[in-house]
Amino acid sequence: MDISIRLKTIASMVDKCEVLVDVGTDHAYIPIYLVENHICQRAIASDINKGPVEKAKLNVAMEGLKEKIQCRLGGGFSTIEPAEADVAVIAGMGGNLIRDIILEREEVFKNLQYAVLQPVQNPEVLREFIYKKGYEILDEELCLEDEKYYQIMKVKFNNKPINIKDIYYEVGQKLIEKKHPLLKNFLMHLVNKYKRILNSIKDDTDLAKKRKIEISHKLKELEELISCL
């Protein structure tokens with residue numbers, strides 16, 4: 001099965017494993033790809049909505065993988081038992097929702113070997129939660145698809161909460177450490193975004209002034225990161 005750049009980048013962060021659960025699977029493209037490429041022996045394709053689960057079942061059947069991929073209806077990790085899966089993928093939803101899915105059955109999430117998370121927005125919310133709740137970011141990736149940047153992180157529980165500079169909630173330290181080839185363009189994209197936001201604040205209230213100071217500080221930090229590349 002041929003999959004998109006975003007999904008292929010997510011899949012590239014999954015090591016060989018026995019059982020993978022894909023939470024919010026949609027069409028089950030990731031489980032199919034990983035099983036077909038012998039990265040996972042078996043997979044569970046899970047979604048909260050009936051329509052996607054039916055599509056997933058159809059795609060799994062068309063690829064002849066009904067013996068290796070189970071499609072289950074339910075929210076978050078409610079569809080699996082603790083230790084039933086080694087690895088999880090949670091992709092294609094907001095950072096707030098991914099955080100809430102983890103919190104809902106954190107005992108299941110903590111027992112995974114690792115999880116690959118791909119928020120479509122608010123990655124800073126998810127990263128702050130990860131660091132402060134005692135998870136380690138093992139690796140990070142960045143991809144560009146349809147003119148949109150996606151940050152992907154591989155995490156596991158290590159029970160060592162840490163505090164870091166706020167800018168590293170927005171831009172992953174691993175991306176900076178490995179000087180990711182897309183990083184400079186991504187940082188410039190963020191700079192342009194925050195400049196637009198800054199220019200759009202016309203109010204002169206105390207709240208607006210505080211927001212301007214926060215954005216100006218963030219712009220300074222982003223520009224410092226660019227200068228180090």
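The largest pocket has a volume of about 400 Å³. A pocket is, on a 1 Å grid over the protein atoms alone, an open set of points where a 1.4 Å probe fits, with protein on both sides within 12 Å along at least five of seven lines; lining residues have an atom within 4 Å of a point. The model is predicted: local features need pLDDT of at least 70 and side-chain atom pairs pLDDT 80 or more, whereas totals for chains, interfaces and linings use all residues. Residues are numbered from 1 along each chain as its sequence is written, and side-chain values use heavy atoms, without hydrogens and water.

Of the 24 residues lining the largest pocket, Gly-24, Thr-25, Asp-47, Ala-91 and Met-93 lie nearest its centre. Elements supplying at least two lining residues each include strand E1 (17-23), helix H2 (29-36) and strand E4 (87-93); helices (at least four residues) and strands (at least two) are DSSP runs.

The second largest pocket, of about 280 Å³, is lined by 16 residues, with Val-120, Pro-123, Lys-148, Tyr-149 and Lys-193 nearest its centre. Helix H9 gives the largest share of this lining, five residues.

Helix H9 (residues 183-200) also packs against helix H10 (residues 206-227) at an angle of about 160°, with their axes 10 Å apart. H9 is therefore roughly antiparallel to H10, a term for angles over 145 degrees, taken from 0 to 180 degrees between N-to-C directions of axes fitted to C-alpha atoms over the stretch in contact. Contact means heavy atoms within 4.5 Å. Among the residues that meet are Leu-187 and Tyr-194 in H9 and Ile-215 and Leu-222 in H10.

Note on methods:
Angles under 35 degrees count as roughly parallel, over 145 as roughly antiparallel, 65 to 115 as roughly perpendicular and the rest as oblique. Grid points are joined across faces, edges and corners, and a volume is the space filled by probe spheres set on the points.
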